[in-house]
Number of protein chains: 2
Amino acid sequence: MLEPGALEIFKAHLKKNNLKFTTERFQILEEVFETHEHFEADELLDILKDKGFRVSRATVYRTLDVLVQCGLVNKLNFGGSSAKYEHVYGHTHHDHIITDDGEIIEFYDERIEELQKEIAEKHGIVLTNHVMQLYGYKKDSK
Amino acid sequence: MLEPGALEIFKAHLKKNNLKFTTERFQILEEVFETHEHFEADELLDILKDKGFRVSRATVYRTLDVLVQCGLVNKLNFGGSSAKYEHVYGHTHHDHIITDDGEIIEFYDERIEELQKEIAEKHGIVLTNHVMQLYGYKKDSK
DNA sequence: GTATCTGCAAATTCTTTGCAATGTC
DNA sequence: GACATTGCAAAGAATTTGCAGATAC
């Protein structure tokens, strides 16, 4: 489901940057908000093709870039060989726990967020973003 | 300077896994501990070549893997296209602040470490590792 | 001596790019 | 109608792999 407002943000960003609102960009935007999981560029391409849309890999990569730029999508790196993406709009910020069997748990902790700000401050840095990933295994699995 | 103990850990790991202690692996180990910064596989190769060692790129990648496996080296991902490495032994764990002009500041905060453990626990996860990178810009630069 | 290593160059994987045809504004 | 966009296939960048000769144990 395309979050209310996402389309407007996207269009505004396109206009501001002299970019055009094309069918392909719209289809990609929609699909990105359809998927409530982390996905790779290639997976998104496959889904789009399965649904009968005719989009190229190049356009998927190019459009994901645009979506990251306007803040509607996060680009993540969990250490694998390819980048993961997740849509952002309408979601609160969160971090990730990655288990050894590949499960991804999202969490948010206000106290850590505060400490991060404090630490950055101490080093004279204004935070714009952060990445925090906890790796581990399930207590009952080992 | 090769940290005292690192060589022993390396050799023990090799023996345990039926791997051989070769000239190349030793040269790479030494150089990894010579460099007190984050480096890429290719940069390490260049340094080794400059010093007159004859090592191949393949061996550098293969040996870095071994070093990561035995815990002497961390593989990091700051979002660029290539992985960064840093040696670990003798250093306390730390996280990173990455500024928009590419500077990397290391920090450690016990309180966050505790909270991370607590959060993982709450989700039934035993932490084995984590990644935390704060992105921002210098307060006086903008 | 045998099994592991190395270097090389080719192969892979993910991502980006140049270009001619096409679509938006 | 001008200029951005698309798809394609080729290029690029980082990393991995197969293999034949070299080396550690």
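**View 1. Helix 4 of chain B at the surface near DNA strand D.** In this predicted model, helix 4 of chain B gives the most to that surface, with four residues. Helices here are DSSP runs (H or I, at least four residues), numbered from the N terminus. In total, 22 residues surround DNA strand D, and the closest are A:R25, A:R54, A:S56, A:T59 and B:Y61. A residue is near the strand if one of its heavy atoms lies within 4 Å of it.

**View 2. Polar side chains meeting DNA strand D.** A:R62 instead places a polar side-chain atom 2.8 Å from a base nitrogen, and an N or O atom in the side chain of B:K20 is 3.3 Å from a base nitrogen.

**View 3. Helix 2 and helix 3 of chain A.** Helix 2 (residues 23-34) packs against helix 3 (residues 41-50) at an angle of about 110°, with axes 11 Å apart. That makes the two helices roughly perpendicular, a word used for angles of 65 to 115 degrees. A:Q27, A:I28, A:E31 and A:V32 in helix 2 meet A:L44, A:I47 and A:L48 in helix 3, where contact means heavy atoms within 4.5 Å.

**Reading the views.** Residues are numbered from 1 along each chain as its sequence is written, and chains are lettered from A in the order in which they are written. Local features need pLDDT of at least 70, side-chain atom pairs count only at pLDDT 80 or more, totals for chains, interfaces and linings use all residues, and side-chain values use heavy atoms, leaving out hydrogens and water.

How values were computed:
Axes fitted to C-alpha atoms, helices over the stretch in contact; angles between N-to-C directions. Parallel < 35°, antiparallel > 145°, perpendicular 65-115°, else oblique. Polar contact = N/O pair within 3.5 Å; in protein donor to acceptor, adjacent residues only side chain to side chain.
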